[in-house]
Amino acid sequence: MLAIAGGAWLGWQRYVGPGPLAADTAVVIPRGTGVQGIAQRLADAGVVDHPMELVVAARLRGDGARLRAGEYLFTGGISLRGALDLIISGKVILHRVTVPEGLTSWQIVERLRAEANLSGTVTDIPADGTLLPETYQYLRDDARTDILARMSDDMAEALDRLWAERAPDLPLKSKRDAVILASIVEKETGVAAERPRVAGVFVNRLRIGMRLQSDPTIIYALSDGRGQIDRDLTRADWKLESPYNTYVIPGLPPGPIANPGLLSLQAVLKPEAHKYLYFVADGTGGHAFAETLEEHNRNVVKWRRVRDAQ
């Protein structure tokens, strides 16, 4: 009896006492892995001394069917009981991928392809303007196409909500028009507070039939939809024959030139009310706005001086 009691006490200490793991370690348990497979993975990772320890403990607890697949972070010195509790809890490691506003869909797909913890291939690039830029959480080995599907659903949901709350009498016929204009606003300014004012400029131009004359639309055309080129625009570029060249075409281009974020969508659907028709960089990261071409030309001269000095 003393021997049995002593063995039980030793077993309990092995169960609740500190384990051999020297430092925090992530371990992946694939779907369909049985108790013995899980035990072997933990032993290989140094979480337990021997796989049979975990097998026996799981059977004594009756937890074999409750162990869940996933990627888990085992803390240094975690006990056998703690390891089993963690796998049962399903508190897996969450990874994150941040998609900035203003990327084209091609650029977003390239970013997802670079995420080593995602799986699967993307064969079809989503249309620009259909993905909502945001930070997305995912589990190791989630499919890249699943992230794109979530981005698409989030964009549709956000656009439905914002369109229903839009200001009256906007020169936008559809939600697609709103996304197109929002994508231009997104590329024109990185200053969040400026977006409603920039949107107001373009809305004013649309109302009077004035061309938008947005450089990012030309860049989109020159890059074949990839969103960037390796040189500055020239005056010759302003004459580019393209349905996306807003120096040439009236109104909006045929599609979005990027995937706009929530702030740009909000700015377009509730633009600032003013009389500005022009804006140009002011050298501080923002823009100088003008109601007349004469005033705008003075702002351009100031910008050129700042640019040359820089």
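Is Phe-279 buried or exposed? Phe-279 is buried, because its relative accessible area is 15%, and buried means under 20%, exposed over 50% and partly exposed in between, with a 1.4 Å probe and protein chains only. Before we go on, keep in mind that this is a predicted model, where local features need pLDDT of at least 70 and side-chain atom pairs count only at pLDDT 80 or more, while totals for chains, interfaces and linings use all residues. Residues are numbered from 1 along each chain as its sequence is written, and side-chain values use heavy atoms, leaving out hydrogens and water.

Let's stay with Phe-279 and look at its ring partners. The structure holds 6 aromatic pairs; rings of Phe, Tyr and Trp (its six-membered ring) pair if their centres lie within 6.5 Å, and planes under 30 degrees apart count as stacked, over 60 as edge-to-face and the rest as tilted. Phe-202 and Phe-279 have ring centres 5.7 Å apart and planes at 85 degrees, so this pair is edge-to-face. It joins distant parts of the chain, with Phe-202 in helix α8 and Phe-279 in strand β5, 77 residues apart. (Helices, H or I with at least four residues, and strands, E with at least two, are DSSP runs numbered from the N terminus.) Phe-202 counts as buried, at 1% relative accessibility.

Phe-279 has another partner: with Phe-289 it forms a tilted pair, 5.7 Å centre to centre and 35 degrees between the planes. Phe-289 lies in strand β6 (residues 287-290) and Phe-279 in β5, so this pair ties together parts 10 residues apart in sequence. Phe-289 is buried too, at 10% relative accessibility. Ring pairs link Phe-202, Tyr-276, Phe-279 and Phe-289 into a cluster.

Now for the charges. Side chains of opposite charge can pair when their charged atoms come close. Here there are 10 salt bridges, each a side-chain nitrogen of Lys or Arg within 4 Å of a carboxyl oxygen of Asp or Glu. One of them joins Glu-71 and Arg-140 at 2.9 Å, N to O. Glu-71 lies in strand β2 (residues 70-74) and Arg-140 in the loop between β4 (135-138) and α6 (144-164), so the bridge ties together parts 69 residues apart in sequence. Glu-71 counts as buried at 6% relative accessibility, whereas Arg-140, at 31%, counts as partly exposed.

Compare that with Glu-110 and Arg-113, whose closest N and O atoms are 2.6 Å apart. Both lie in helix α5 (residues 105-113), 3 residues apart, about one turn of the helix.
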